[in-house]
Every structure is written in structure tokens, then in C-alpha cells.
Amino acid sequence: MVQSVGHVSGAHINPAVTFAFLIGSQMSLFRAIFYIAAQLLGAVAGAAVLYGVTPAAIRGNLALNTLHPGVSLGQATTVEIFLTLQFVLCIFATYDERRNGRLGSVSLAIGFSLTLGHLFGLYYTGAGMNPARSFAPAVLTRNFTNHWVRP
């Protein structure tokens, strides 16, 4: 996705990344609010299409983030914070214009960072790392247990 839409919006498909760019003074508040709204609406639309085309017998919970048995909410929150921080750090590091000697692909580095985060966090929380990605299945399944949005 970074390779495909990076030239359009800087590949802002994750509200955590957009928020980090806002805090880092790389984006205006106005633009960040609209990006986050578009990201959440796009995630819900995408999940709704997936929900609609997947047979009910195999639909399950649409990969809703859930806690592994034995993992507390505090532990899960800590894991998600570290996973998201390493991902956002990778994005900031690869997009830094002051970086000399750009070696390799920005998209590939970001993809590996996302993969690493998922390989580590999948066992604990399902590796959300993207609030929009975890928000959409929660909305469609109406399951906000252990979620950052409480009804």
C-alpha cells in the first residue's frame, strides 16, 4: 500500500501514523483531522465489503483484535504501544529528508517493520498497530470488548 498510494497522501492509512506526524509538526491539525476521519470511514467501508462477500459460516469476527488468554489489558496496551511506536519510528526514519545515502526501498523497510510487529504481537493482541484496522471489525461485529472505543 505504501508503494501504491505513497505519492497521493504520503500513504497515510494509519491514524497512529497521522497522529505522530501531527505531533511531530509534519502535518496541520486541519489535515490530520480529515485524514483520520477518512481512514476510519475507509476502514469501515472496506470491512463492510469483506463482511458482505464472506459467507457467514467462515466470517467469524473479521479478525477482531482479542487478547490471548492470560494477557491482561495493561499488558496488551503496553504491547500495542511498543508495536505502534516501532512502526511509527520506522516511518519517520525512512521518510526523513535529512537522511543521507538512502539505501534500499522505503516501502520495503516499512513493510518489514509492519511484519515484524505482527509476528511479535499476533500472539498477545492480534497486533492491531492500526486503530482504523481494529476499529472497523469492532463496529461491524458490535464487539467493543478490550477496545479503545467503549460504547
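How many residues of the lining of the largest pocket are nonpolar, polar and charged? The lining divides into 15 nonpolar, 10 polar and 5 charged residues. Here Ala, Val, Leu, Ile, Met, Phe, Trp, Tyr, Cys and Pro count as nonpolar, Asp, Glu, Lys and Arg as charged, and the others, Gly among them, as polar.

This is a predicted model: local features need pLDDT of at least 70, side-chain atom pairs count only at pLDDT 80 or more, and totals for chains, interfaces and linings use all residues. Residues are numbered from 1 along each chain as its sequence is written, and side-chain values use heavy atoms, with hydrogens and water left out.

**The pocket**

The largest pocket holds about 700 Å³ of space. On a 1 Å grid over the protein atoms alone, a pocket is an open set of points where a 1.4 Å probe fits, with protein on both sides within 12 Å along at least five of seven lines; lining residues have an atom within 4 Å of a point. The volume is the space filled by probe spheres set on the points. Gly10, Ala11, Val17, Ile91 and Tyr95 are the closest to the centre, out of 30 lining residues.

These helices (DSSP runs of H or I, at least four residues) each give two or more residues to the lining:

| Helix | Residues |
|---|---|
| helix 1 | 2–9 |
| helix 2 | 15–23 |
| helix 3 | 29–53 |
| helix 5 | 73–95 |
| helix 6 | 106–121 |

Helix 6 gives the most, with 5 residues.

**Inside the protein**

Phe87 touches Asn14, Val17, Ile110, Ser113, Leu114 and Met129 (heavy atoms within 4.5 Å), not counting residues up to four places away in sequence.
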